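Morning, everyone. Please have the sequence and the 3D view open.

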Amino acid sequence: MHNAQHAGAPVVLVVDDDPDILEALSEILEAEGFEIRRARNGKEALERLEPEPPNLILLDLMMPVMDGWEFAQRMRQKPPEVARIPLIVLSADRNVGSKAADIGAVGHLAKPFELNDLLDMVRRSLNPAAASTSA
């Protein structure tokens, strides 16, 4: 059930409590043609999942109010069109890989990350078929 008003632009929900990171990620992704929604913690992010679920979520793990783990657990309890939204975890935590796997993320990036790596991962997550055939 995709809403035509987005004109096909994928919607990415960026969840990070650091306003500088939130702003930078939003600007970069908007410049790449994505529609951006922002949230500063898991509670805000949950409110932005409905009625129109985003196509992808960039999720910081360590945040006040509600962290990334709790957000992911609550998201998974929602209807399938929300529960299946791909998550990419962004974290300064050294164990970001195992933690991303714990919450079923499709990918993860350790902060600080390269922008090209982020954009590649976002595109692959939104379009898995294109990524697998371009090799």
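Predicted model: local features only at pLDDT ≥ 70, side-chain atom pairs only at ≥ 80, totals over all residues.

Now, where does S125 sit? Its place is in helix α6, which covers residues 115-126. Is S125 buried or exposed? Its relative accessible area is 13%. The cut-off for buried is under 20%, so S125 counts as buried.

Next, its surroundings. If we leave aside the neighbours within four places in sequence, S125 is in contact with L56, P86, I88 and V106.

Let me take I88 from that list. I88 belongs to strand β4, residues 87-91. Its relative accessible area is 0%, so I88 is buried. Again leaving aside neighbours within four places in sequence, I88 is in contact with a number of residues, including L56, I57, L58 and L59. The list also has V106, G107 and H108, and from α6 come M121, V122 and S125. For H108 there is a further value: its C-alpha atom and that of I88 are separated by 5.2 Å, although the two residues are 20 apart along the chain.

Back to helix α6, and a helix that packs against it. Two packed helices are described by the angle between their axes and the distance between those axes. Here the pair is α1, residues 19-31, and α6: the angle is about 60° and the axes are 12 Å apart. How are α1 and α6 oriented to each other? Angles from 65 to 115 degrees would count as roughly perpendicular and those under 35 as roughly parallel; α1 and α6 are therefore oblique. The crossing of α1 past α6 is right-handed.

Which residues meet there? On the α1 side they are L25, I28 and L29, and on the α6 side L115, L118, L119 and V122.

Finally, the whole chain. It has seven helices and five strands, and from the N terminus on the order is β-α-β-α-β-α-α-β-α-β-α-α. Of its 135 residues, 42% are buried. Among contacts with a separation of 6 or more, 57% are between residues 24 or more positions apart. The accessible surface comes to about 7300 Å², and carbon and sulfur atoms account for 50% of that.

Methods: Residues numbered from 1 in each chain as written. Heavy atoms only, no water. Helix = DSSP H or I, 4+ residues; strand = E, 2+ residues; numbered from the N terminus. Buried < 20%, exposed > 50% of the residue type's maximum accessible area, 1.4 Å probe, protein only. Contact = heavy atoms within 4.5 Å. Areas by Shrake-Rupley, 256 points an atom, 1.4 Å probe, with all protein chains shown as cover. Axes fitted to C-alpha atoms, helices over the stretch in contact; angles between N-to-C directions. Parallel < 35°, antiparallel > 145°, perpendicular 65-115°, else oblique. Left-handed = near helix turned anticlockwise from the far one by under 90°.
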